[in-house]
Amino acid sequence: MSGVSTPTRRRLPDATFLAAATGASTARRPVWFMRQAGRSLPEYRELRAGIGMLESCFDPELVCEITAQPVRRHGVDAAILFSDIVVPLKAAGIDLDIVPGVGPVIANPVRSAEDVRALPRLRREEVGAVTDGVRLLLDELGDTPLIGFAGAPFTLASYLVEGGPSRNHERTKAMMLGEPQIWHELLGVLTDIAVEFLRAQLAAGVDAVQLFDSWAGALSAAQYREFVLPHSQRVFAEIAEAGVPRIHFGVGTGELLGAMGEAGPEVVGVDWRVPLHEAARRVGPGKVLQGNLDPAVLFAGREVVERELRRIAREADEAITLGATGHIFNLGHGVLPDTDPEAITAAVEFIHSLPVPLGGE
Ligand code: 1CP
């Protein structure tokens with residue numbers, strides 16, 4: 001079996017994102033934005049014209065260029081790989097597409113024990129185009145760290161069981177609560193796929209990884225602990241030997257922050273509903289926090305954005321006095337498609353101008 005460590009792993013001693021993610025102090029506050037690649041940028045829309053989303057994700061040159069665009073334009077402290085959480089499912093042979101304006105749509109939703117048993121596993125060579133893109137990026141990005149990612153087992157399961165995006169996740173919860181044995185088998189398969197996708201990216205040289213459990217916030221803490229946590233824990237455990245910072249994030253997960261920290265990441269992402277100092281209490285000491293500007297605030301004008309960023313910096317500093325080991329600026333969820341790119345650049349500049357830590361006012 002091939003491991004995850006790689007002799008080609010880069011050393012980036014001056015990268016503020018990596019320093020902060022490992023709990024070291026930094027000369028300025030690091031920032032990157034979820035969904036910074038492939039959303040609001042005109043140069044992205046131009047490049048993607050006439051090319052399907054999945055087709056782009058399996059084109060190494062496009063992956064490289066789209067990933068690098070927001071780094072060049074905004075001066076963020078990390079790049080996130082342009083891909084999608086369903087890419088490893090597609091690569092493994094599951095019939096699905098990403099429909100513009102909708103999201104992932106699964107041809108044959110997974111509803112029974114037979115469906116689960118028929119699911120393929122991912123072989124590393126099936127994501128060769130993604131790892132080729134990673135290798136191009138290591139040259140292209142210079143000293144800017146590259147974050148790889150995967151969808152967490154629960155969020156992947158929601159797409160597979162529902163057949164597409166879902167507001168209520170009712171079929172997913174029905175399987176989880178009504179047929180727990182089938183559920184755990186399904187999450188076991190998705191854990192294997194997420195681990196293999198992350199290991200492929202790690203072997204190609206990504207500098208950090210984020211596990212997106214975007215829809216875990218639909219669960220109660222008790223449901224999360226029983227039906228999801230053991231699987232997410234296994235994802236983190238199986239990539240631990242790579243020694244890179246591991247980030248865990250979900251939306252609306254205020255009630256789950258402690259449990260998501262227990263899954264094993266170094267960094268816990270926080271959405272905008274819970275202030276960072278409160279998140280520090282819920283997560284407990286010893287974790288770095290990431291977040292948590294409401295993506296809608298970027299529509300409210302410069303003054304409002306700066307006021308909100310100053311507040312978040314203050315709350316981050318308080319979180320650190322409560323035991324958090326660092327803070328990485330980000331949004332509380334992804335960049336919204338209609339966001340003015342200049343508002344993003346201005347936010348990055350403002351964050352970089354903030355003193356570390358912020359003095360009292
Ligand atoms: O962050 C980045 O800039 C890198 C690119 C990236 C990432 C990290 C994309 C490109 N997708 C993702 C992850 C992803 N995909 C998540 C987790 C992050 C999050 O919560 O936002 C999720 C839930 C998906 C699933 C997905 N793919 C959706 C959401 C649908 C829903 O359920 O509401 C959508 C719309 C997509 C398609 C997609 N992925 C990425 C892009 C640029 C697009 C739009 C492409 C298009 O329509 O042409």
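Mentor: Let's start at Pro 357, which sits in the segment after H16. Keep in mind that this is a predicted model. The peptide bond from Val 356 to Pro 357 is cis, with omega near -15°.

Trainee: Okay, and where else is there a cis peptide bond, say around Asn 292?

Mentor: Look at the step from Gly 291 to Asn 292: that peptide bond is cis as well, with omega near -5°. Asn 292 belongs to strand S8, residues 288-293.

Trainee: Which residues make the contact between H15 and H16?

Mentor: From H15 you get Arg 302, Val 305, Glu 306, Leu 309 and Arg 310, and from H16 Ala 346, Ala 347, Phe 350 and Ile 351. Sorted by class, that contact has six nonpolar, no polar and three charged residues.

Trainee: What makes H4 and H7 oblique?

Mentor: Do the check again. The axes of H4 (residues 60-74) and H7 (residues 128-140) cross at roughly 40° and come within 8 Å. An angle under 35 degrees would be roughly parallel, and 65 to 115 roughly perpendicular, so H4 and H7 come out as oblique. This crossing is right-handed too.

Trainee: And which residues of H4 meet H7?

Mentor: Among them are Val 63, Cys 64 and Ala 68 in H4, while H7 brings residues including Ala 129, Leu 136 and Leu 137. By class, the contact of H4 with H7 divides into seven nonpolar, two polar and four charged residues.

Trainee: Now for single residues. How do you know that Val 270 is buried?

Mentor: Compare its value with the limit. Buried means under 20% relative accessible area, and Val 270 has 1%, so it counts as buried. You'll find Val 270 in the loop between strand S7 (267-269) and helix H14 (276-283).

Trainee: What does Val 270 touch?

Mentor: Leaving out residues up to four places away in sequence, its contacts include Phe 249, Leu 257, Leu 289 and Leu 331. Gly 291 and Asn 292, the pair joined by a cis bond, are also touched by Val 270.

Trainee: Why is Arg 35 called partly exposed?

Mentor: Its relative accessible area is 37%. Buried would need under 20% and exposed over 50%, so Arg 35 lands in between and is partly exposed. Arg 35 is in the loop between H1 (16-21) and H2 (42-48). Its phi is near 60°, a positive value in a residue other than glycine.

Trainee: And His 169, buried or exposed?

Mentor: Buried: the 4% relative accessibility of His 169 is under the 20% limit. His 169 also has a positive phi, about 55°, although it is not a glycine. Its spot is the loop between H8 (153-162) and H9 (170-178).

Trainee: Last one: which residues does the UniProt domain annotation cover?

Mentor: The unreviewed UniProt entry annotates "domain: Uroporphyrinogen decarboxylase (URO-D)" over residues 30-39 and 147-163. In the model, residues 30-39 are 0% helix and 0% strand, whereas residues 147-163 are 59% helix and 29% strand.

How values were computed: Residues are numbered from 1 along each chain as its sequence is written. This is a predicted model: local features need pLDDT of at least 70, side-chain atom pairs count only at pLDDT 80 or more; totals for chains, interfaces and linings use all residues. Side-chain values use heavy atoms; hydrogens and water are left out. Contact means heavy atoms within 4.5 Å. Helices (H or I, at least four residues) and strands (E, at least two) are DSSP runs, numbered from the N terminus. Ala, Val, Leu, Ile, Met, Phe, Trp, Tyr, Cys and Pro count as nonpolar, Asp, Glu, Lys and Arg as charged, and the others, Gly among them, as polar. UniProt positions are given in the numbering used here, feature names are shortened, and annotations may be inferred rather than shown by experiment. Buried means under 20% relative accessible area, exposed over 50%, partly exposed in between (1.4 Å probe, protein chains only). Axes are lines fitted to C-alpha atoms, for helices over the stretch in contact, and angles run from 0 to 180 degrees between N-to-C directions. Angles under 35 degrees count as roughly parallel, over 145 as roughly antiparallel, 65 to 115 as roughly perpendicular and the rest as oblique. A crossing is left-handed if the near helix is turned anticlockwise from the far one by less than a right angle, and right-handed if clockwise.
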